[in-house]
Amino acid sequence: MQQNQSGFRWPPARPAGETDAAEPPPAMAMQPATGAPRWGPLGEPLAIPQPLTWAQRWRRCLREVEVYWLAMEGGDFALRATEAGWQPESAASFCPRCGTTSQGHETLDPLLSPDPADTGCTLCREQAIPWARFVRLGAYDGLLRRAILETKFSRWKALGHTLGLELGKRVAGVMAGAGLDPARAIIIPAPMTRWRFLMRGVHHTRAIAGGVSKASGVRVCELLARRHRPSQTWFSRPGRSANVAGAMYSRRGLPAETETVILVDDVKTTGATLSEACRALRKAIKGHSRPVTLIAATVAVSRAFRGPRGTETP
Ligand SMILES: [Zn+2]
């Protein structure tokens with residue numbers, strides 16, 4: 001309070017009994033003094049900053065590392081897709097049998113065609129494909145590629161889940177079109193070894209499969225397991241098949257009511273991983289009492305195989 005010899009007084013004294021917005025609320029008035037002023041220069045109340053707990057400081061630190069150091073933009077794929085103007089591709093954009101990007105010709109859906117052997121694009125028509133139908137969200141580039149890499153290598157489990165939600169909508173549409181019952185279907189995520197899970201800190205295909213499950217109403221059943229092998233990214237096309245051959249096995253048989261199996265993976269590059277998963281499931285399907293429709297679903301499909309890591313060409 002200032003008062004000079006001419007009688008000027010600041011702040012002016014309030015009449016007795018008068019209260020206004022500047023009066024400190026009882027709760028604030030009871031807060032312990034922290035050394036910071038509780039009133040602004042015009043007499044307005046100031047919020048007293050409360051110290052963060054250690055848990056809050058740790059969460060803020062992690063968030064800053066994610067945003068500023070790892071350049072993550074957000075954990076919700078749908079939100080990022082809206083901001084980027086990304087649209088899911090049309091069903092005619094890819095071959096429903098092998099999943100490669102369409103070369104401009106129409107291909108019948110193998111699940112709807114009276115003769116599934118008469119379906120497929122020019123690339124797969126003469127090939128034996130271990131699954132009946134392929135479902136994908138898009139090509140492996142741009143926003144989808146960034147989102148998959150962030151899920152896989154930045155431990156962003158929530159982003160994988162939202163990618164799975166988008167893929168699950170497609171899976172649900174294909175199942176409804178073919179009359180497949182979600183209650184008689186299971187989702188199997190591509191398996192990961194414990195060693196790789198410890199190294200990466202996230203089971204990305206499990207996160208994606210969780211999203212597919214929520215969107216399609218099909219339950220997840222982790223039937224497959226995997227033996228540790230070197231990463232597929234170090235091998236050429238024939239080397240990939242050899243590297244993954246015999247790496248997967250089925251832990252048990254299919255649940256009794258199963259009529260549809262949906263194999264979920266992040267990316268199809270040469271198809272070696274999905275083919276090995278189908279091989280590992282073959283024994284379980286053979287001993288099953290019902291006919292089983294096998295669907296392969298990946299978030300993205302690589303446009304072209306570019307060779308092992310370190311030998312990619314633009
Ligand atoms: Zn094809």
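The protein chain of this predicted model holds 9 helices and 9 strands. Of its 314 residues, 32% are buried. Among contacts with a separation of 6 or more, residues 24 or more positions apart account for 73%.

**The sheet**

Five strands make up an open sheet with parallel pairing, and their order is β3-β9-β8-β4-β5. The edges are taken by β3 and β5 (219-220); each has a single partner strand, so one side of each lacks a neighbour in the sheet. Helix α7 packs on the sheet and touches β4, β5, β8 and β9. The direction of α7 makes about 130° with that of β8. Helix α9 lies across β8 and β9 and runs at about 155° to β8.

| Strand pair | Sense | Bridges | A residue pair across it |
|---|---|---|---|
| β3 and β9 | parallel | 6 bridges | Ala-139 and Val-301 |
| β8 and β9 | parallel | 8 bridges | Val-261 and Leu-294 |

Strand β3 is mostly covered, with 6 of its 7 residues buried.

In soluble globular proteins, nonpolar side chains tend to be buried together. The largest nonpolar core here has 53 residues, and the members that touch the most others are Ile-187, Ile-188, Ile-262, Leu-263, Val-264 and Ala-297. At least two core residues come from each of β3 (133-139), α4 (142-153), α5 (157-178), β4 (185-189), α7 (204-216), β8 (260-268), α9 (272-286) and β9 (293-301). Strand β9 gives the largest share, 7 residues.

Apart from neighbours within four places in sequence, Ile-187 is in contact with Ala-209, Val-212, Ser-213, Val-218, Arg-219, Val-220, Cys-221, Ile-262 and Val-264.

**Ser-213**

One of the residues in contact with Ile-187 is Ser-213, which is placed in helix α7. Is Ser-213 buried or exposed? Ser-213 counts as buried because 24 C-beta neighbours lie inside 10 Å, and the cut-off for a buried residue is 20 or more. Leaving out residues up to four places away in sequence, Ser-213 touches Gly-168, Ile-187, Val-218, Arg-219 and Val-220. Lys-169 is 44 residues from Ser-213 along the chain, and the C-alpha atoms of these two residues are separated by 9.6 Å.

**Helix α4**

Helix α4 has 12 residues. From its first C-alpha to its last, α4 reaches 17 Å, close to the 16 Å expected at 1.5 Å a residue. Its buried residues are Leu-144, Ala-147, Ile-148, Glu-150 and Thr-151. Where do these residues fall when α4 is seen down its axis? The buried residues of α4 fall within an arc of 165°, so they line one face of the helix. What does the buried part of α4 pack against? The buried residues of α4 pack against α3 (77-84), α5 and α7 among the helices, and against β3, β8 and β9 among the strands.

Methods. Residues numbered from 1 in each chain as written. Predicted model: local features only at pLDDT ≥ 70, side-chain atom pairs only at ≥ 80, totals over all residues. Core = buried A, V, L, I, M, F, W, Y, C linked by C-beta atoms within 7 Å. Buried ≥ 20, exposed ≤ 12 C-beta atoms within 10 Å, placed from the backbone. Helix = DSSP H or I, 4+ residues; strand = E, 2+ residues; numbered from the N terminus. Contact = placed C-beta atoms within 7 Å. Expected span 1.5 Å × (residues − 1). Arc of directions from axis to C-beta. Pairing = 2+ DSSP bridges. Axes fitted to C-alpha atoms, helices over the stretch in contact; angles between N-to-C directions.
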